[in-house]
Each structure stands twice: as C-alpha cells, then as structure tokens.
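Thanks for coming. Please look at the screen.

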Amino acid sequence: MSLLFSACEHEDKAVFMTNGDFLTPSFLLSHRRSLSKDAKFFDSDTGVLEVPMTVQVAGQVQPAHFTVHAIVTSSDLQFDHSEVDFGYCSIYQSVKSSIRLTNLSLLPQDFGFLGVPEFIEVQPNDGFGTLLPQETLEVDLIFSAQTAKEYVFQLSCKSGINRDFLLSCRAVGVHPPLELSHFLVQFGATAVGDQSTAMLFLSNRQTGRDQNRQPVSPGVKAPVMPRLFSFALPEDSDIDISPSAGRLLPGERCLVQITFKPRLLDQEIKEEALRRLHRAKLLYESELEGNRLAEQEAKLEIPLEPSKGKKASVNPKNSKVSNEAEKGKQSESPDPGNIVPGSSWYEEAKASLLYSFRKRYREYTIPCFVSDGDPPEDDKLVQPAWSPFNTLYLKLQCPAVQPPLVVISNNGCNIINFHQVTVGERVIKRFTVQNISQESLDLSSSVLDMYSPFSLLNALRSIRPGEKHTLILAFSPTLEKKCCDMLEVRCQKMTLEMTLLGEGIVPAVTSSHNGDVLDFGYVLEKETASQVVKLQNSSAVAVSFRVMLASLSPFRPQGGADRVAFLLEEYANSHVHPAVGTQNYSGLSVFSVVPVEGSIPPGQSQEFTVTFQPDHPSVNYSDKLTIELMNKQSQR
C-alpha cells in the first residue's frame, strides 16, 4: 500500500470479521496533477489507473489479490478566447460579444459566473448552468457602459468543485453628442395596409457648461458644435422616418416620427402571380387534353354512312366541349413580363396573398449616423467626418397581421382617380370593401374638407364577416385645378386609407360666328334660309351641350315686344327687335336648330344648323338662341 498512498488510499487498514460476514472495502482516490509522476500504474495517454491490492488474512497462508481500476479525467473548463475586447461602446447602447465555454471533463460539471460587475450581463440563465461531458456552450456577454471611461476587468467562472477560471475583458465607454429619447420602439399589431406611428425626440444636449464634464471618450473633451444626423433605412422595409436627416444646434432637439406601414413586397406579389400563372397554364393544358379526348369519343359516335336525305347527328356534348376549348384558348395565360402593378394578374395575386396572410414579425435596427461637425466653411459640398463611435441605434419591433377590411373593386387599388372633370359637372364613382375577418366590423369614415370637391354620398354601416359594402363618391370641381384628398374608412382594428384624385378643368369652346346677332336678312315668305354655326372644343375633355330657343321656353315673356329685353340695339335699319318677336301664324317656331343636345369630343367640333322659315311678311322676326355648356352659357 505504501506505493499507492499518493493516489489511492484504503480507509480501513485492519478489519475483524466473524464467520459468514461480508466486507465492503472503501477506497479514496485523490486526483492531483502530479499523478502521472507519483503513481506507477497510471497511463497518462488513456487516463486509466490500475492499482493492485493485497489482503492479508491472519491464519491464511495465501493472501487475496485484486485490482482497483479508475478512469481519471480533467476538471478543466476552457474559454475559446483568452481576452474579450468590446471596443468602443456608447453609453446609450449595449454591446454583445459571444464566447464558447467547453467542458474538457468526462463528467458533467456545474458552473457559474460569480461577482459579475453591474455593467455586464451574462446569458443564458444569468451565467449559471451545467455542462455535459465534452459539451461546448455559447455564452453571451452583454456590456453596457455607464460612463465615458476605459473599462478593464475580469470575469470569474467557478466550477462545481470550486475551481476558478478567469476571463479578461476590456472596453471603452463613449458618450455620443446626440441622444434619442427612446432606443426601443414596440409597435402594436398592425394590419397590412394600415399604419402605426411612434414619436420620439433626438436631442443635442451639449452646451458650453457641459463641455468639461461630458467627455466623448477617456481623456477627450466633447466639442460643442452643430451636428448633422442621418437615419439609414434598410431597403424594402415597412419603416418610414421623418425627418430622416437634419442638423441640430447645441441644446436643440427635434421631433422624429416613425411610421410602420406593413405591406406586401412587390417580389412576393410577382412570385404569387407566377404560381397562379403556372396553375392556370396547367389547367388550360388539362382542358385541352380533355377536349381532345372528348372529340375523339364524339367522332366514334358519328355514323360512318348516314342514310340518304338525313343529316348526320351532331353530339351536343361535343359542341359544348369545343366551345369550352375555344374559351380556354382565349383565356390563355399571359406573358410573365406583363405582371406589373395595375395589371389584373398582379392585383389578383395581391388579393390572394391578403386573404391568406398570417402573422408576420420583423425587427429592424436603424443606425443614426452623427457627424463630427459641419462641413468646412470654404466648401459646403464636402462630406463632413462621421465617427462610428457616435452612431446611435434604434431598435424597432414590428408585428403585422391580416387586414380585416380589403378593397375588392378597382382591382384592389386604394387610389380613386376621377381624372379630368369639367368645372360644374359631377362625376360619381363607387368602390367596394369586404370584411374578411371573423367578426362584425362597424364602419365609419373621416370627415372630408367642407371646401373639398369630393363628397361621400352614402352612409356607412356595420358589416358581418364576408359581407361587402359599396361607398359612393362624387367629384364636383368648382375651380380649374388639380385636387387631392384622403378618405379614411375606419373599423375597430384598422384604418383603410383611400386616395382621391381629380382635376377640374374649364371647357375651352370657341364659336365660328363673331358677334351676338345671327342675321338672315330678307327671306321670302314660306321660303327657307339656313346658316351654320360651328363650335370648336379645344379642351381635353368632352363637353356636353344643350340648345334652347327662347320662343319655346315656358318662361318666355308674354304681352308683346314692349315687355321684353332688347337683344339688338344697333340694328342696321334702326328697328327695335324684341328677344322673342313675331312668330308664324301656323304656331310653328319660325326659327329651328339641329342638333338640340349632344357632346363635343376633345379636340373636335360640332356644327349647328339654324333655319329661318317665315309664313308671312314681317320685319319683327327674332328669337334668342342659347347653347348651354354645363354651367357656362353661350348666347346667340
């Protein structure tokens, strides 16, 4: 036993046993780093320890021999880094560095990071856990600088057998010149097509009195000067920041608005359109194959030699199949290059994605770059210096959900364009929304501007799941200008924004006749004389017209010429002619005009034929011709 005392020790040196007793010996194995040198029976390559033991029995000549076997393993925990350098860290942000902790033992080992400074966080499980044999665990070290200074410290990881493993760390705290009021924005669940808005402040808190007590980094004073800032948004994101760039003077702050507008990406819609296109193509090919087989069956049913004088029977089924094949041929899938926003395939794919949309969660980290000052005075176009240590980071958590309300008319487009409308005319358009949620929605709308040319003509109501509701909108321009307004259709869970567009124009119509009098001169009784007046429409819209004669109006003056206004004050013969003068004895109007109503297309003209046909001699024939162009009137 003396050869093995350094490694293995027997607790009971002498034992007395009676007849029939059993003995369970106890051994204590003490693992020391010098085991390979102290013990002769230890294999350092395999870690196997074999200890021969001898039991001497009083009165027994032959001793009892046996061997004690043990596998000796290390108790080391190993870091993959000897030192962790967090670099320059803003006092407003946290920096994470990951290390790997490996258990080199063949036995499980408990571990824990003890005495962790308050500016360090160890995860997972706050730095405590158990490592299985040969297991490697990734440990996150999160450093949060509290002041602008240099940090040098050690982290102690203690194992279950009270061994300490040290990890050296260093970092430099930096105080950026600008500060955000919030560095984390958590948006609520927002429906696709809706938007959520958050407000925060970006401040330049540097002032002259703060210069000596707010160092940028250890040993460096913070220069007090204006700062430029710029938010860098990721591509194809649902985030909008306003203002995204600007300049802040010392002590100044600005309000920053962050808008989350979840939408379907253009690439997603095109991919869905291509899938639908492929399914339509397969369906079309399947229909063609079915039509071909049906035609073959129909040919077999037709008699080869029909009797004389009788027509061969026509299979109505075959005719139906042929018609369907022709219809399928006409509806053959378009070219994928034609799938563009506004096309039917694009809008159908967009509607399909909205109906099948499920929850979506995204996180964005938006950097805000801060300059070291203004550009040089001699050249304002030179890019100012931007320090990466001054960069601020804004984290956004953005969940999106299926919209309960969708537009199903106008190809699902939320823009209603009335285009060009003549001043004074009213154009009506409709759009339909549908409830695709599982609960009833109480619809309401925003109030349009009282001076807006747009108006909502019908009331909104509650719609049950799957129901539709049509909104009627009117556009009545009163001025010659382009108009735009927003109409919000609201329900419990979202606000659907509709953009209303339109342009009021004044019709530019000119007449080929100059002056206010159309003189037919002398005409024999019961003879006919005609003159043509042409109106030219130079505007970009069609102009409707209506022709009226004062003699045919129920509101014309009665009682003779002395009670009507004089149309002609400078007639050649100096005779006074009333607006409605002498009429035919037959009761028919002495003047007639064709056409009496219609529309003049843009850029075209319209001829009016005015006919004079008296039935008795008189020099007092007169009438007033009025051509109404919407709210404008032209008198002849």
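Phenylalanine 66 sits in strand β5, which runs over residues 64–71. Strands here are DSSP runs of E with at least two residues, helices are runs of H or I with at least four residues, and both are numbered from the N terminus. This is a predicted model, in which local features need pLDDT of at least 70 and side-chain atom pairs count only at pLDDT 80 or more, while totals for chains, interfaces and linings use all residues. Residues are numbered from 1 along each chain as its sequence is written, and side-chain values use heavy atoms, with hydrogens and water left out.

The cut-offs are under 20% relative accessible area for buried and over 50% for exposed, with partly exposed in between, using a 1.4 Å probe and protein chains only. Together with Val55 and Val57, Phe66 makes a nonpolar surface patch of about 200 Å². A patch takes residues with over 30% relative accessible area and no salt bridge; like charges are joined within 9 Å, and nonpolar side chains (Val, Leu, Ile, Met, Phe, Trp, Tyr) within 5 Å.

Now the whole chain. It has four helices and 44 strands. Of its 636 residues, 36% count as buried. The chain exposes about 37900 Å², and carbon and sulfur atoms supply 51% of that. Accessible areas come from the Shrake-Rupley method with a 1.4 Å probe; for residues, only the protein chains shown count as cover. Among contacts (heavy atoms within 4.5 Å) between residues at least 6 apart in sequence, 68% join residues at least 24 apart.

Next, salt bridges. Side chains of opposite charge can pair when their charged atoms come close. The cut-off used here is a side-chain nitrogen of Lys or Arg within 4 Å of a carboxyl oxygen of Asp or Glu. How many salt bridges does the structure hold? The count is 20.

One of them joins the side chains of glutamate 150 and arginine 170, at 3.8 Å from N to O. This pair links distant parts of the chain: glutamate 150 is in strand β13 (residues 150–159) and arginine 170 in strand β14 (residues 164–174), 20 residues apart. Arginine 170 is partly exposed, since its relative accessible area is 28%.

Another joins glutamate 363 and lysine 395, at 3.6 Å from N to O. Here the partners are 32 residues apart, glutamate 363 in strand β23 and lysine 395 in strand β24. Glutamate 363 is partly exposed at 41%, and lysine 395 is partly exposed at 34%.

Arginine 464 and glutamate 467 also meet in a salt bridge, at 3.1 Å from N to O. Arginine 464 counts as exposed, because its relative accessibility is 54%. Glutamate 467, at 23%, counts as partly exposed. Elsewhere, salt bridges that share partners join Asp238, Arg263, Glu268, Arg360 and Arg362 into one network.

Last, the inside. A search of the whole structure finds one cavity of 30 Å³ or more. On a 1 Å grid over the protein atoms alone, a cavity is a set of points where a 1.4 Å probe fits but cannot get out; lining residues have an atom within 4 Å of a point. Grid points are joined across faces, edges and corners, and the volume is the space filled by probe spheres set on the points. The largest cavity holds about 30 Å³ of space. Its lining consists of Asp238, Phe260, Arg360, Tyr361, Arg362, Cys398 and Ala400. Strand β23 gives the most to this lining, with three residues.

Terms used
1 Å grid on protein atoms, 1.4 Å probe; cavity = no way out; pocket = protein on both sides within 12 Å on 5 of 7 lines; lining within 4 Å.
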